[in-house]
Amino acid sequence: MIASAAQFADPPSWPVRAAKVRAEGTEFLIPSRTGAWFTQDFAAQHPDEAGRLLTMLRDTPPDGYAATCDAIAVFDVRDRLHEITTPTLVIAGAEDPATPLPMVRAIADGIEERRSSPSPRRRTWSVQRHPTPSPA
């Protein structure tokens, strides 16, 4: 399990973001993604990949992005983690502000058969193609 949470931070903020995206599109989010999706160093060292990620966000249909925000706002499976019975590897980007280590650790702690692994110097894994393989 990579870059996830049993409940994402600040649920009341997600409907606000959804409404703004529906009204304005995703462009206003672009400046905040450097530092959230990837580090400044990553952007400097891999400008094409950073640009690809920002273009992906820019091209995301506003209604689809907003619907995802609405789903994140009500997503809470903390009381169901014990239902995961498959051995699970839980991986966190050590510098990921969206799913910080304590949030990911809560997933690992709720799953009986799990291993967890923070990956140093990573923001998030889910949207990036890395020039080096994952350590997992």
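Predicted model: local features only at pLDDT ≥ 70, side-chain atom pairs only at ≥ 80, totals over all residues.
Residues are numbered from 1 along each chain as its sequence is written, and side-chain values use heavy atoms, with hydrogens and water left out.

**Exercise 1. Where does D96 lie, and is D96 buried or exposed?**

- Step 1: Find the elements on either side. D96 sits in the loop between β1 (88–93) and α6 (101–110). Helices (H or I, at least four residues) and strands (E, at least two) are DSSP runs, numbered from the N terminus.
- Step 2: Check the accessibility. D96 counts as buried because its relative accessibility is 3%. The cut-offs are under 20% relative accessible area for buried, over 50% for exposed and partly exposed in between (1.4 Å probe, protein chains only).
- Step 3: Look for a partner. The side chains of D96 and T99 are joined by a polar contact of 2.7 Å. That term means a pair of N or O atoms within 3.5 Å; within protein, one must be able to donate a hydrogen and the other to accept it, and residues adjacent in sequence count only if both atoms are side-chain atoms.

**Exercise 2. Work out which side of α6 holds its buried residues.**

- Step 1: List them. M103, V104, I107 and A108 are the buried residues of α6.

**Exercise 3. Which residues have the most contacts inside the largest nonpolar core?**

- Step 1: Pick them out. This core has 21 residues, and W14, F38, L57 and Y65 have the most contacts inside it. A nonpolar core is a set of buried Ala, Val, Leu, Ile, Met, Phe, Trp, Tyr and Cys residues joined through side-chain atoms within 4.5 Å.
- Step 2: Trace the suppliers. At least two residues each come from α1, α3 (40–45), α4 (47–58) and α5 (62–74), with α5 giving the largest share, five residues.

**Exercise 4. Compare the backbone of A3 with that of D10.**

- Step 1: Read phi. A3 has a positive phi of about 50 degrees, and phi of D10 is near 50 degrees. Most residues other than glycine have a negative phi.
- Step 2: A3 is buried at 16%, whereas D10 is partly exposed at 47%.
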